[in-house]
Amino acid sequence: MSNLKPYFQLARPANIVTAIADILAGMTIAQFIFEPSPNSAYWLIPATIGLYGGGVVMNDVFDAKLDAIERPERPIPSGKVSVQAAAILGVSLLLLGVLAAAQFSLLSAEIALVVAILAVVYDRFAKHSAFWGPLTMGSCRGGNLLLGMSAVAPSLNEWSWVALVPIAYIGAITLISQDEVHGGKRRSLYIAASLYTTVHAIQFLVAFQQGNAPLAFLLIALHAWLVGRPLWTAIQNPIGPNIGKAVKSGVLSLIVMDASWCVAFGNWPVALGVLLLLPLSILLARVFAVT
């Protein structure tokens with residue numbers, strides 16, 4: 001098991017749990033009927049595991065030289081995993097993600113393929129751009145939500161615009177994370193705060209439209225507190241460790257944001273199930289790095 005740990009570190013298991021929450025939120029928005037019996041739409045869960053895992057593994061593959069300077073403790077620069085082995089793992093996971101989505105529908109496979117391509121584009125080209133980096137990474141998460149919504153394809157006609165919300169949210173986190181190593185500028189943190197606020201406002205308006213505003217407000221407020229507290233600390237003192245905590249909180253709190261979507265669309269049971277993923281993600285984050 002100790003030989004496998006570096007490979008799990010590359011895949012960031014705590015983050016993968018948040019991707020599963022995206023799928024469940026998307027399925028809820030689409031009004032998918034969750035049944036205990038086998039349903040091929042559940043292939044979308046292993047699909048997102050492959051897509052997210054493959055994406056973050058390829059991130060470390062492309063950043064191997066930079067990490068050797070800035071983060072030598074990571075699996076590749078520390079010599080625990082070779083670049084070749086990591087690349088094989090990353091590509092394999094991405095392919096498995098697309099193939100798993102194809103077990104449900106061609107549309108799901110097409111969405112998964114786009115997400116896989118966007119992940120590689122981010123890792124290889126867009127990551128260090130202040131504009132394209134946040135936009136590309138956010139698009140990966142937006143695509144992941146659409147992948148969940150593809151469980152009921154007609155829902156995309158009405159609700160596909162909701163994918164813009166995780167684009168804004170992840171864009172904020174990515175913007176913050178660009179200064180995680182050396183410290184950051186308050187301007188980026190203020191932009192992130194405005195994006196967070198926009199996300200919360202949209203969620204509340206959708207919940208109000210669906211007649212679920214009072215209950216959704218509780219989770220939206222919880223999410224705002226979880227991401228707002230560390231972000232405010234970073235704004236007051238924008239040093240690397242504070243920014244790292246703001247990034248970590250933003251990533252893990254995605255689960256609460258996804259649960260808020262479930263409540264906004266009136267599905268409390270699934271929302272509670274999504275929230276139960278939070279302690280699992282936090283536990284994994286204590287063992288495996290989130291960023």
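In which helix does leucine 284 lie? In this model, which is a predicted one, leucine 284 belongs to helix H15, the stretch that covers residues 277-287. If we leave aside residues up to four places away in sequence, leucine 284 touches Pro13, Ala14 and Val17.

Let me turn now to helix packing.

The opening pair is helix H2, residues 13-29, with helix H3, residues 44-62, and here the axes are 9 Å apart while the packing angle is about 140°. That angle makes H2 oblique to H3, and the crossing by which H2 passes H3 is right-handed. On the H2 side the contact is made by Asn15, Ile16, Ala19, Ile20, Ile23 and Leu24, and on the H3 side by Leu44, Ile45, Thr48, Ile49, Tyr52 and Gly53. Sorted by class, the residues of this contact between H2 and H3 comprise 9 nonpolar and 3 polar, with no charged residue.

H3 also packs with helix H6, residues 106-126, and in this second pair the axes of H3 and H6 come within 8 Å and cross at roughly 15°. That makes H3 roughly parallel to H6, and the crossing of these two helices is right-handed. From H3, the residues Leu44, Leu51, Gly55, Met58, Asn59 and Phe62 meet a set in H6 made up of Ser108, Ala112, Val115, Ala116, Ala119, Val120, Tyr122, Asp123 and Arg124. The contact of H3 with H6 divides into 10 nonpolar, 3 polar and 2 charged residues.

The remaining pair is H9, residues 164-177, with H12, residues 240-252, whose axes come within 9 Å and cross at roughly 160°. H9 and H12 are therefore roughly antiparallel to each other, and their crossing is left-handed. Tyr169, Ile173, Ile176 and Ser177 of H9 make this contact with Ile243, Ala246, Val247, Gly250 and Val251 of H12. In the contact of H9 with H12 there are 7 nonpolar and 2 polar residues, and no charged ones.

That brings me to the largest pocket. How much space lies in it? The answer is about 860 Å³. Its lining consists of 40 residues, and those that lie nearest the centre of the pocket are Asn59, Tyr122, Lys127, Met137 and Ser177.

At least two lining residues are supplied by each of H2, H3, H4 (64-70), H6, H7 (132-149), H9 and H12. By class, the lining of the largest pocket is made up of 17 nonpolar, 12 polar and 11 charged residues, whereas the contact of H2 with H3 and that of H9 with H12 have no charged residues.

Conventions
Residues numbered from 1 in each chain as written. Predicted model: local features only at pLDDT ≥ 70, side-chain atom pairs only at ≥ 80, totals over all residues. Heavy atoms only, no water. Axes fitted to C-alpha atoms, helices over the stretch in contact; angles between N-to-C directions. Helix = DSSP H or I, 4+ residues; strand = E, 2+ residues; numbered from the N terminus. Parallel < 35°, antiparallel > 145°, perpendicular 65-115°, else oblique. Left-handed = near helix turned anticlockwise from the far one by under 90°. Contact = heavy atoms within 4.5 Å. Nonpolar A, V, L, I, M, F, W, Y, C, P; charged D, E, K, R; others polar. 1 Å grid on protein atoms, 1.4 Å probe; cavity = no way out; pocket = protein on both sides within 12 Å on 5 of 7 lines; lining within 4 Å. Points joined across faces, edges and corners; volume = space filled by probe spheres on them.
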